[in-house]
Amino acid sequence: RQAEERLAKQPDDARGWALLARARASIAQFDKALAAYEKAAALTPKDADLWADYADAAAGKAEGKMAGKPLELINRALALDARNAKALLLRGTWEIQNNQLADAVKTFTLAKSVVEPNSGFAQIADNALADLAARGAAGASAVAPVAAAPAPGGASGARRREETRPARNPIARRAPLGPNCRRQFVRRSRP
C-alpha cells in the first residue's frame, strides 16, 4: 500500500512501478501486476527484461496459456533483445503448447546458451529439453535435469542477478515440464 501511495505522488517512477508489478505477480495478483507493468512499460518501452516480466505476469493471469497477450508481450521483448533468456523460455513454452516441438528445441537451446550453466534458467531449459527428448522431438538431447547450483562469484556483470541464483521454486526443480510449464515462473520473486 505504501508503494502505491508513493507512486501516486511520483507516477513517473518506472523502477517503482516495475518493483510493484513484480511484487504483485509474485503473490499471484496478476490484474494489479499487469496494471503496474503497463505503467512501467510506458515509461521504459525499450526494456526487454521488463517486457519479459510483463509477459510472464500476463501468462499467469491466463493460467499458463501463452497465446494472445502473453505471446504479444514475449514477441515485444524478443524484438528488443533476441537473446533475452526469460522471453526465450516463455516463447519455448508457447511453442510446446502449440506442438511446435522442433522450434521449441531451438528456442530452449538458445535460451540455455545465453545464461550461466548452473542458473535456474539453465535448469528450466534443461528440463524442457529433457521433456522434448522424451516426446521424441528432433534435435532434443536427453539431458538429465540437474539441481541448480550457485554460479561462481565471478559471474558476468552483464548477466541478470536471478540468472545466477539457484531456482527457489520446487516446480522449477521438477522434470519433465509439460505444456503448462509456465507455472515455474509465477512464484519466483525478484529484488
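E63 lies in the loop that runs between α4 and α5, and in this predicted model its phi is near 55°, a positive value in a residue other than glycine. Most residues other than glycine have a negative phi. With a relative accessibility of 64%, E63 counts as exposed, because the cut-off for that class is over 50%.

**Overall make-up**

- Read along the sequence, the protein chain follows the pattern α-α-α-α-α-α-α-α-α, and buried residues account for 48% of its 191 residues.
- When contacts between residues at least 6 apart in sequence are considered, 58% of them join residues that are at least 24 apart.

**The nonpolar core**

- The largest nonpolar core contains 48 residues, and those with the most contacts inside it are Y37, Y54, A57, L89, F108 and L132.
- Two or more residues of this core come from each of α2 (14-26), α3 (30-43), α4 (48-61), α5 (69-80), α6 (85-97), α7 (101-113) and α8 (120-134), and the largest share, 8 residues, is given by α4.
- Leaving aside residues up to four places away in sequence, Y54 touches L34, Y37, E38, A41, K69 and L73, and Y37 is also listed with Y54 among the core residues that have the most contacts.

**Packing of α4 and α5**

- The crossing in which α4 passes α5 is left-handed.
- On the α4 side the contact is made by A48, W51, A52, Y54, A55, A58 and A59, while K69, P70, L73, I74, R76, A77 and L80 make it on the α5 side.

**Packing of α1 and α2**

- Helix α1 (residues 2-9) packs with α2 at an angle of about 155°, and the axes of the two helices are 10 Å apart.
- That angle makes α1 roughly antiparallel to α2, and α1 passes α2 in a left-handed crossing.
- The residues that make the contact are A3, E4, R6 and L7 of α1 together with G16, W17, L20 and R24 of α2.

**Between α2 and α3**

- A28 sits in the loop between α2 and α3, and its phi is near 60°, which is a positive value in a residue other than glycine.
- The relative accessibility of A28 is 39%, so this residue counts as partly exposed, a class that lies between the 20% and 50% cut-offs.

**Packing of α7 and α8**

- The angle at which α7 and α8 pack is about 155°, and their axes are 9 Å apart.
- This angle makes α7 roughly antiparallel to α8, and the crossing of α7 and α8 is left-handed.
- From α7 the contact involves L101, A104, V105, F108, T109 and K112, and from α8 it involves A125, D126, A128, L129 and L132.

**Helix α8 and its surroundings**

- α8 has 15 residues and reaches 21 Å from its first C-alpha to its last, which is close to the 21 Å expected at 1.5 Å a residue.
- Of the 15 residues of α8, 13 are buried, so this helix is largely enclosed by the rest of the structure.
- A122 is found in α8, and its relative accessible area of 0% makes it buried, because that class covers values under 20%.
- If residues up to four places away in sequence are not counted, A122 touches V115, E116 and P117.
- A122 and K112 are 10 residues apart in sequence and 5.1 Å apart in space, from C-alpha to C-alpha.
- Just after α8, G136 takes a positive phi of about 85°.

Technical notes
Residues numbered from 1 in each chain as written. Predicted model: local features only at pLDDT ≥ 70, side-chain atom pairs only at ≥ 80, totals over all residues. Heavy atoms only, no water. Core = buried A, V, L, I, M, F, W, Y, C linked by side-chain atoms within 4.5 Å. Buried < 20%, exposed > 50% of the residue type's maximum accessible area, 1.4 Å probe, protein only. Helix = DSSP H or I, 4+ residues; strand = E, 2+ residues; numbered from the N terminus. Contact = heavy atoms within 4.5 Å. Expected span 1.5 Å × (residues − 1). Axes fitted to C-alpha atoms, helices over the stretch in contact; angles between N-to-C directions. Parallel < 35°, antiparallel > 145°, perpendicular 65-115°, else oblique. Left-handed = near helix turned anticlockwise from the far one by under 90°.
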